[in-house]
Structures are given as C-alpha cells and as structure tokens.
Amino acid sequence: MTKFTDLKLHAKVLKAIDEVGYTEPTPIQAGAIPPALEGRDVLGIAQTGTGKTASFTLPMITMLNRGRARARMPRSLVLAPTRELAAQVAENFDLYAKYTKLTKALLIGGVSFKEQDQLIDKGVDVLIATPGRLLDHFERGKLILTDVKVMVVDEADRMLDMGFIPDIERIFGLTPFTRQTLFFSATMAPEIERITNTFLSNPSRIEVARQATTSETITQLVYEIPAAGRDTGKKKRDFLRQLIDQEGEKVTNGIIFCNRKVDVDTVAKSLKKHGHDAEPIHGDLDQSYRTRTLEGFRDGKLRFLVASDVAARGLDIPNVSHVFNFDVPSHSEDYVHRIGRTGRAGRSGTAMMISTPKDDKLLAGIESLIENTIPRGETGMVKPADAAPEKAEAKEDKPTKSRSRSRSASKSKETKDAAPAEEAPKDAPKADTSNDAPKEERREARGDKPREEKRSRGGRGRGRNEDRGPKVVGLGDHLPGFIEKSFEERRAD
C-alpha cells in the first residue's frame, strides 16, 4: 500500500499532512503526484470527492519551496470555476504549506480590487483565481503572467459548462510555453479533450474511475410524483419536507439542489417557515453572505444548505449525510457532481431526487450516463392536487362578482338619488331659475341630458356661495349696464 512518505514530498509538507491525520493517498493522489514532481504535464480524470485538490497542491508546494516571487509576477497559477472552489483551494494551500514561507493570493469576485492589488504587488508564489477576475487584473495592468512555472486548471468540465473555455485559452496564451500544466476534470467532453491536445505536452493521464460514475457508498433513490399544474412547485416543497421528516435523525445535515436561483430562495424560505434550519446559496448573493453560510454549514451550525449548481463543485464538507435533488438536473453530469457531496472518503451517504413527468427525458439521460437504473422510492405520501383547478376558477370569479356588485350598487345609488326629484309634490315651491331657463330649453331642444351640478373645490357641495342662487357662466342672458350704455353711445354717434 502506497503511503505519502513514498511520494518524495518535501519534509515540511509531510509534517503538515501528518498533523491533518492522513497517511495513505487516494488513487488520484497516488497517480498524479509522482509525475507532477518529475515536471511532467498531468491529465487527471476522477469523480468529485476523490481528493483532486491535494493531488496538485502537495506537489506544487514541494516544487515551489525554493525561490521567491517578484512583484506582480506569480510563480504558479490555479484556475477554478467558482469562488467557493477557489476559496477551498486556498484553504488547502494554507493547510499544507503552513511550515513553508510560500505566499498566496486569492482573486475572486465580490472582493475589493485594492486589497487584491496589494497582495499582488508584494509578490506571491501561488495565485488562485477565477478566470474573470484574473483577466480583470491583467487588463488593468496589475498582473504579469510571464513567470508562471506551474499552471493548474481545476474542474475543467465545469469551466466548459459555465462558458469559461475562451477565457482559459486566452490565459494559456499569456503564460510561458515552457510552463508545467496540471489539468483536472471529472468528465472528458470533446471540447475538453481538444484543449488538452492543444495545450498539454505528452501528459501523464491518470483515470482512477470510469467517467461519470457514482460512488458505491451512496444510496440513491428517485421519487416520481404526479404533476399538479401550477401547484407542482408547492407539491414538490411539501414532498421534500416529508422526505426530511421521514428520514428523521438520519439527516444530520443536507444539501438541497435546485436548477434555478429563484427556486433556491423559495425552497429555503419554505423550509424556514416550517421550522427547518436552512439558508440559500447561489451566484446572485453577496460574497460575504455566501462565505458566512458555507462556514456555518461546515461548522455544523446550519443543517440545510439550499444551493444552485454554483455549489455543486468544490465544497469539501466530508460529513454531508444527505443530498436532495429538488429538481432533476438539466445536465446529466451535474447529477454525478451533486450527489458526490455525500458519501465522501468512503463514508456512506444518501441521495434523493424528486421527479415529475416532464423530467422523464432528463432522468433517462442520467441513468444512461451512469449506466445504472436509479431505484424508485415510495411516493404514496403525496396527494394529488385535484382541487387546484376549482380554486383557480374561484379566484377568477371573485373580481367579476365584485365588479357586478359595484355596478349594482352604483345603479341603486343613482336610482335612490333620482327618486326624490320624481316624487316631489306638485305644489312644492319652485326655486327661482329665471336665468337658467333659456339654457335648459336649448338643451332639451338638442336632446341633451341635464348636467349634474358641480361641487366646489373643497368637495363639500356648493360651499359658502350656495345662497347666491344658480351659478351663471359667462354673460348669461343679459348684458351688464355699462356695456349696453357703450353700444347706445355708438348708435347716437
């Protein structure tokens, strides 16, 4: 059996490994470390959770232990697809390089450029970055990549899914041709293979497991529930809580994966509303919040982490008991990476997935990829929403009834207001409307309806001038004396 002491690692690195408690390397570590120490390019293919991070950090620390970095010119470069994975690599570097004098910088989004610039200006041995932020620093003239001796691309297939391949090719072009390249991926899509053929020189290929296989230590189940129209999301949330309650104390902690960010937030709110300790994590959240949430989950202070696929890779949390796929993943490979968050390092784990009839093609694609049929779980606890259409119709009827009542009320009010005028006694005294008579006669001749009396600006009826009689607009049916006098004077002239 191979041990770390057999891999020709630096004594200070072996001391740090011993303190962590590791004695035997994983298959990917045992296969990748020796050729990496020899200076060869390495192409590592292994499923998530097999220890790929240590398989490149350990030889990097050993090779970089001699020498010193210059300002803005890192000696090595590690590219990761997500902030969380980049942060995990930085934690591994701190863990295994604690007895060396090597320095590092972490370049990820959501963090001030100024702080990152200060680290780069001092000179760093290891630069860990996401592709976008790395190119931002380069374009601002803050970074020079001509002194990179070792370049690592981690989770290359995830880079492909996230559209980073053009950025990766550009970064390869900015680094020296003589660099050593360590390339790791869980799967080998044709585009990934093209890049390895272009940028790697006679690599040592280490494939420790069949591509896209799931760990045998994970118990997998899929629950096929009936669709419920617009209430399908609610039914899935109800069923998810029932699964959690059904597992009971077996669920020490769990990660719940959703396809959409909006569903991540909705599911987290639903769980919290029903008394479960849960928090969301996805790319739109603030970096400081994401960091606090992950730390709380790692420390055991948070029971459930509701996540998008931004967290499907690179979360090194060894004791996750359950993974719940609230949605069937759109890409079959993502299923492997999601459930790989549990059952790590030989531990047992449980992966449950909720499926609806519209997910049948995606489910078939996953089973074809892993070359296995996922066992079906009992769904008898789910009740179909037969009453849902009736509720929807009732909701649609409400506004109509409300409008009918308002119209009826309006008509009755008009009738009520008009009643006194019609029923007024014939011998009642009439108001003096001599000024208005001609106007009314003209309106009746035209067939116009009488105009309603306007209220005053204060909205309180006719106001303080109501004793002055009907309001006269313009000159009315008479001429003021001074105007009439002026006409008479002109006739006299």
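**Contacts and the model**

Two residues are in contact when heavy atoms of theirs lie within 4.5 Å. By this criterion Val152 touches Phe56, Met60, Leu77, Val78, Leu79, Leu182 and Phe184, leaving aside residues up to four places away in sequence.

The model is predicted, so local features need pLDDT of at least 70 and side-chain atom pairs count only at pLDDT 80 or more, while totals for chains, interfaces and linings use all residues. Residues are numbered from 1 along each chain as its sequence is written, and side-chain values use heavy atoms, with hydrogens and water left out.

**The nonpolar cores**

A residue is called buried under 20% relative accessible area, exposed over 50%, and partly exposed in between (1.4 Å probe, protein chains only). A nonpolar core is a set of buried Ala, Val, Leu, Ile, Met, Phe, Trp, Tyr and Cys residues joined through side-chain atoms within 4.5 Å. In soluble globular proteins, nonpolar side chains tend to be buried together.

The largest nonpolar core has 35 residues, and Phe56, Leu58, Met60, Val78, Val152 and Leu182 have the most contacts inside it. At least two residues of this core come from each of α1 (11-20), α2 (27-37), α3 (52-64), α4 (83-96), β4 (126-129), β5 (150-153) and β6 (180-185). Helices (H or I, at least four residues) and strands (E, at least two) are DSSP runs, numbered from the N terminus.

Helix α4 has 14 residues and reaches 20 Å from its first C-alpha to its last, close to the 20 Å expected at 1.5 Å a residue. The expected span is 1.5 Å times one less than the number of residues in the helix. The buried residues of α4 include Leu85, Ala86, Val89 and Phe93, as well as Glu84 and Gln88.

At the surface, Val20, Tyr22 and Leu95 form a nonpolar patch with about 250 Å² of accessible area together. Such a patch joins nonpolar side chains (Val, Leu, Ile, Met, Phe, Trp, Tyr) within 5 Å, from residues with over 30% relative accessible area and no salt bridge. Tyr22 lies in the loop between α1 and α2, and Tyr22 is partly exposed, with a relative accessible area of 45%.

**Salt bridges**

A salt bridge is a side-chain nitrogen of Lys or Arg within 4 Å of a carboxyl oxygen of Asp or Glu. The structure holds 21 salt bridges. In one of them, Arg75 pairs with Asp125, the closest N and O atoms being 2.7 Å apart. This pair links distant parts of the chain, 50 residues apart: Arg75 is in the loop between α3 and β2 (76-79), and Asp125 is in the loop between α5 (113-122) and β4. Arg75 counts as buried at 5% relative accessibility, and Asp125 counts as buried at 4%.

Arg158 and Asp334 also meet in a salt bridge (3.7 Å, N to O). Arg158 lies in helix α7 (residues 156-161) and Asp334 in helix α13 (residues 332-339), so the pair ties together parts that are 176 residues apart in sequence. Arg158 is buried at 9% relative accessibility, and Asp334 is buried at 3%. Lys272 forms a salt bridge with Glu279 at 3.8 Å between the closest N and O atoms; here Lys272 is partly exposed at 41%, and Glu279 is partly exposed at 23%.

Conventions: Patch = residues over 30% accessible without salt bridge, like charges linked within 9 Å, V, L, I, M, F, W, Y side chains within 5 Å. Areas by Shrake-Rupley, 256 points an atom, 1.4 Å probe, with all protein chains shown as cover.
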